[in-house]
Amino acid sequence: MSLMNESHFPTSTFFLVGIPGLEYLHTWIGIPFCSLYVVAVVGNMTILSVVRAERSLHEPMFFFLCMLSVTDLVLSTSTLPRMLCLFWLGSRQIAFDACLTQMFFIHSFTAMESGFFLAMAFDRYVAICNPLRHTTILTNARIAKIGGAVVLRGVAFFSPHPILLKQLPYCRTRIIAHTYCEFMAVVKLACVHTGSTKCYSLSVASVIGSCDGFFIAISYVLILCAVFRLPSREASLKALGTCGSHVCVILVFYSTAVFTFLTHRFGHNVPPQVHIFIANMYLLIPPFLNPIVYGVRTKKIRDYVLGALKVKSV
């Protein structure tokens with residue numbers, strides 16, 4: 001039955017298309033997406049369990065890592081299960097309230113992810129550039145305040161999204177050309193002028209992303225300057241390798257997010273399947289990579305997991 005025949009459904013029901021033009025590949029696309037999700041869940045849950053169990057890991061870096069892991073779990077879980085229902089079961093219908101809820105979680109937790117990347121970059125800056133004052137600068141109380149501020153920022157700036165969309169009339173098609181309820185994909189369905197609503201969303205996203213990205217870049221530039229001044233070449237290479245892997249994860253997150261943002265603003269000639277596929281990547285790849293880069297490559301976490309599995313570290 002065609003999705004265009006909407007007369008049998010209530011007005012509060014919307015429909016997800018998935019990836020336009022690639023519907024015949026949905027089943028196959030769902031397999032790597034599901035694999036990424038499983039690794040993300042297992043990896044982030046492992047990090048949370050290890051840090052909770054091992055008191056020697058109760059340090060600023062690992063507290064921020066736990067906050068990032070919780071954000072990754074919420075971000076991926078708010079999208080992947082519903083996406084897999086679409087890909088594998090053909091479940092395209094979604095209630096409007098459920099759509100708005102998913103939208104809030106996606107956008108607010110994406111902002112939190114960016115904020116926790118900044119917090120972790122600041123932690124590494126203090127640890128490398130001012131190690132003697134690391135514990136006095138990043139006390140437990142201050143860490144909690146930073147985490148609370150990141151969460152509050154995400155909630156405060158993106159709570160208006162579902163509120164604004166809830167008040168709009170939808171008298172056109174109710175087909176969302178996306179795999180999830182993304183703000184710009186939904187707002188296009190309104191039958192009134194939505195210029196101010198779009199402007200608010202794009203402005204908030206650009207301000208948060210550009211500010212976080214700028215300060216993260218400054219932090220790592222200062223870190224690299226300090227690393228190259230280390231007297232030991234071995235210590236410099238070790239610190240450089242750690243920072244390099246962190247920077248790669250951050251670049252993946254911001255590059256895909258910036259591509260999605262610019263496509264909404266300027267990329268009207270970008271094929272929709274390319275746009276939607278990249279939009280999925282910035283929700284899937286960081287939760288998948290973060291446990292590997294921040295967990296597997298961290299010796300304390302790796303040794304604890306290997307010890308728990310009775311595997312002798314080589």
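Helices α4 and α6 pack at an angle of about 145°, and their axes lie 8 Å apart. Axes here are lines fitted to C-alpha atoms, for helices over the stretch in contact, and angles run from 0 to 180 degrees between N-to-C directions. Helices are DSSP runs of H or I with at least four residues, strands are runs of E with at least two, and both are numbered from the N terminus. The model is predicted: local features need pLDDT of at least 70, side-chain atom pairs count only at pLDDT 80 or more, and totals for chains, interfaces and linings use all residues. Residues are numbered from 1 along each chain as its sequence is written, and side-chain values use heavy atoms, with hydrogens and water left out.

The crossing of α4 and α6 is right-handed, meaning that the near helix is turned clockwise from the far one by less than a right angle. On the α4 side, the residues in contact (heavy atoms within 4.5 Å) include Phe 104, His 107, Ala 111 and Phe 116. Their partners in α6 include Ile 146, Val 150, Arg 153 and Phe 158. By class, this contact of α4 with α6 has 10 nonpolar, six polar and one charged residues. Ala, Val, Leu, Ile, Met, Phe, Trp, Tyr, Cys and Pro count as nonpolar, Asp, Glu, Lys and Arg as charged, and the others, Gly among them, as polar.

Helix α6 (residues 140-158) also meets helix α2 (residues 60-77). Their axes come within 11 Å and cross at roughly 25°. The two helices are therefore roughly parallel to each other, a label for angles under 35 degrees; over 145 counts as roughly antiparallel, 65 to 115 as roughly perpendicular and the rest as oblique. The crossing of α2 and α6 is right-handed. Pro 60, Phe 63, Phe 64 and Met 67 of α2 touch Asn 140, Ile 143, Ile 146 and Gly 147 of α6. This contact has six nonpolar, two polar and no charged residues.

Helix α4 (residues 96-129) also holds Cys 99. The structure has one disulfide, defined as a pair of cysteine sulfur atoms within 2.5 Å. Cys 99 is joined to Cys 181, with an S to S distance of 2.0 Å. The torsion about the S-S bond is about -120°, so the disulfide is left-handed. Cys 181 lies in the loop between β3 (175-176) and α8 (183-187), so the bond ties together parts that are 82 residues apart in sequence.

The unreviewed UniProt entry annotates "transmembrane region" at several stretches, including residues 28-50 and 143-160. Such annotations may be inferred rather than shown by experiment. Residues 143-160 are 94% helix and 0% strand, with end C-alpha atoms 27 Å apart.
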